[in-house]
Amino acid sequence: MKKADTLRLAGIVRESIVDGPGIRFTVFCQGCPHACDGCHNPETHDFNGGKEFTEETIARVLELCEPEHIQGLSILGGEPMHPKNIEGTTALAKAFKEKFPNKTIWSWSGFLFDRDLKDKEVMNYIDVIVDGQYKDELRDPRLKYAGSSNQRAIDVKKSLKKGEVVLFDEQ
């Protein structure tokens with residue numbers, strides 16, 4: 001990872017039950033250009049905040065994800081797909097999938113999958129992405145994995161294979 005454009009870490013949650021299905025390890029990236037009104041994590045907006053994210057950070061995340069009850073990794077923000085963060089997000093996702101091919105990676109991004117993300121290397125490792133900026137006026141607490149009704153939970157593997165957006169189906 002290049003020092004100038006290195007992902008910064010806002011924080012982690014070792015066992016989350018809200019950031020995707022099952023018990024998940026959650027990484028919060030630092031820095032977000034969207035600054036959505038009503039954002040759930042406004043403390044992650046400043047790109048200069050948080051802590052340095054290094055190869056040692058990736059190794060520690062992988063170690064903490066080893067227990068069988070951890071079903072996957074969730075990468076949130078901030079904005080993990082921002083140009084300042086995507087290199088670190090990709091390195092983390094790649095290392096995780098190499099070590100845990102049967103565990104899933106979920107990510108959230110204000111960018112749109114079909115317009116901004118589908119051709120990014122990181123999509124080769126992510127199983128589900130919830131895309132679209134949070135819109136407070138479209139807030140819907142009934143949604144399982146999104147905050148507002150404009151956001152989509154996308155099955156990345158099926159979408160890449162089909163060449164169009166395929167929504168995630170828990171069935």
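Because the model is predicted, local features are reported where pLDDT is at least 70 and side-chain atom pairs only at pLDDT 80 or more, whereas totals for chains, interfaces and linings use all residues. Residues are numbered from 1 along each chain as its sequence is written, and side-chain values use heavy atoms, with hydrogens and water left out.

The protein has four helices and seven strands, where helices (H or I, at least four residues) and strands (E, at least two) are DSSP runs numbered from the N terminus. Read from the N terminus on, the elements follow the order β-β-β-α-β-α-β-α-β-β-α. The radius of gyration, taken over C-alpha atoms, is 15 Å for the protein, close to the 16 Å that the globule rule gives for 171 residues, so the protein is as compact as a globular protein of that length; the rule itself is 2.2 Å times the number of residues to the power 0.38. Along the principal axes, the C-alpha trace spans about 40 × 35 × 30 Å.

Of the 171 residues, 49% count as buried, a class that means under 20% relative accessible area, with exposed meaning over 50% and partly exposed in between (1.4 Å probe, protein chains only). The protein exposes about 9100 Å², of which carbon and sulfur atoms supply 49%; accessible areas come from the Shrake-Rupley method with a 1.4 Å probe, and for residues only the protein chains shown count as cover. Among contacts (heavy atoms within 4.5 Å) between residues at least 6 apart in sequence, 59% join residues at least 24 apart.

The seven strands form an open sheet with mixed pairing in the order E3-E1-E2-E4-E5-E6-E7, two strands being paired if DSSP finds at least two bridges between them. Strand E3 (51-52) and E7 stand at the edges with a single partner strand each, so one side of each is left without a neighbour in the sheet. Strand E1 (residues 8-16) and E2 pair in the antiparallel sense over six bridges, and the bridge partner of Ser16 in E2 is Arg24. In the segment before E1 lies Thr6, which counts as buried at 17% relative accessibility. The C-alpha atoms of Thr6 and Glu52 are separated by 7.9 Å, although these residues are 46 residues apart along the chain.

Strand E4 (residues 72-76) has five of its five residues buried, so it is largely enclosed by the rest of the structure. Gly72, Ser74 and Leu76 point one way from E4, while Leu73 and Ile75 point the other way, and all are buried. With strand E2 (residues 24-30), E4 pairs in the parallel sense over five bridges, and here Arg24 stands opposite Gly72. With strand E5 (residues 104-109), E4 again pairs in the parallel sense, over four bridges, and Ile75 stands opposite Ser107 in E5.

E4, H2 and E5 together make a right-handed β-α-β unit; a crossover is right-handed if, with the strands pointing away from the viewer, the path from the first strand over the helix to the second runs clockwise. Within helix H2 (residues 86-99) lies Lys97, which counts as buried because its relative accessibility is 14%. Leaving aside residues up to four places away in sequence, Lys97 touches Lys103, Thr104, Ile105, Tyr125 and Asp127.

The structure also holds five aromatic pairs, for which rings of Phe, Tyr and Trp (its six-membered ring) must have centres within 6.5 Å; planes under 30 degrees apart count as stacked, over 60 as edge-to-face and the rest as tilted. The rings of Phe96 and Phe100 have their centres 5.1 Å apart and their planes at 50 degrees, so this pair is tilted, and both residues are buried. Tyr145 and Phe168 form an edge-to-face pair, at 6.4 Å centre to centre and 70 degrees between the planes. Tyr145 lies in the loop between strand E6 (128-131) and strand E7 (152-155), and Phe168 in the segment after helix H4 (156-162), so the pair ties together parts that are 23 residues apart in sequence. Tyr145 is buried, with a relative accessible area of 12%, whereas Phe168 is partly exposed, with 24%. Ring pairs link Tyr145 and Phe168 with Trp106 and Trp108 into a cluster.
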